[in-house]
Amino acid sequence: MKHTIIFHLIGVSKELQKAFGFKSQSLPLSYSQAMSLLVIDTEPQINQAKIASKLHLEPASVVTLIDELEKLNLVSRTSVKNNRRQYQIKLTKKGNVHVQKIRSQAENLEKFIKRQLTTADSNSLKNSLEKLTESLNSLKNSQNIKKGGA
């Protein structure tokens with residue numbers, strides 16, 4: 001039986017995560033934790049709501065994620081003046097070191113993948129993945145609207 005596109009994408013995703021080294025000795029973080037660090041690095045003074053929005057996660061999930069990163073001493077959380085419920089999230093020195101490892105690992109893996117493809121194939125793959133991501137986000141949003149969600 002031939003695999004469908006869905007099964008190929010899931011398989012490639014799993015192989016990429018293994019090759020990236022998530023939850024390994026060199027990068028003992030989950031995908032969500034690593035992505036959170038990258039988002040925090042790109043925007044100083046970011047809050048949990050903005051992190052949730054950028055990662056397409058529920059705010060409650062981000063609270064737990066930030067709790068985990070804080071326990072690992074990768075981020076610090078400080079309350080916002082005049083707003084007891086909001087916090088600014090910042091990288092610690094240790095968090096900055098992990099961001100550099102993540103970026104380096106991503107760059108190395110990207111270079112490896114690009115060596116496996118022609119420039120045209122690489123560009124085509126990138127464009128196709130961007131279209132799929134947009135379409136899946138639209139599908140998700142339309143399903144939320146049908147269910148009465150935002």
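This is a predicted model: local features need pLDDT of at least 70, side-chain atom pairs count only at pLDDT 80 or more; totals for chains, interfaces and linings use all residues.
1. Helix α2 (residues 31–42) and helix α5 (residues 93–116) have axes that come within 10 Å and cross at roughly 110°. The two helices are therefore roughly perpendicular to each other, since angles of 65 to 115 degrees are counted that way.

2. On the α2 side, the residues in contact are A34, L37, L38, D41 and T42; on the α5 side they are N96, H98, V99, I102 and R103. Sorted by class, this contact has five nonpolar, three polar and two charged residues.

3. The structure holds nine salt bridges. One of them joins the side chains of E43 and K54, at 3.3 Å from N to O. E43 sits in the loop between α2 and β1 (46–47), and K54 in helix α3 (residues 48–55), so this pair ties together parts 11 residues apart in sequence.

4. K54 is partly exposed, with a relative accessible area of 41%.

5. E110 and K114 also form a salt bridge through their side chains (3.5 Å, N to O). Both are in helix α5, four residues apart, so about one helical turn separates them. E110 is partly exposed at 44% relative accessibility, and K114 is partly exposed at 45%.

6. In the salt bridge of K126 with E130, the closest N and O atoms are 3.2 Å apart. E130 counts as partly exposed at 40% relative accessibility. Elsewhere, salt bridges with shared partners join E43, K50 and K54 into one network.

Methods
Residues are numbered from 1 along each chain as its sequence is written. Side-chain values use heavy atoms; hydrogens and water are left out. Axes are lines fitted to C-alpha atoms, for helices over the stretch in contact, and angles run from 0 to 180 degrees between N-to-C directions. Angles under 35 degrees count as roughly parallel, over 145 as roughly antiparallel, 65 to 115 as roughly perpendicular and the rest as oblique. Contact means heavy atoms within 4.5 Å. Ala, Val, Leu, Ile, Met, Phe, Trp, Tyr, Cys and Pro count as nonpolar, Asp, Glu, Lys and Arg as charged, and the others, Gly among them, as polar. A salt bridge is a side-chain nitrogen of Lys or Arg within 4 Å of a carboxyl oxygen of Asp or Glu. Buried means under 20% relative accessible area, exposed over 50%, partly exposed in between (1.4 Å probe, protein chains only).
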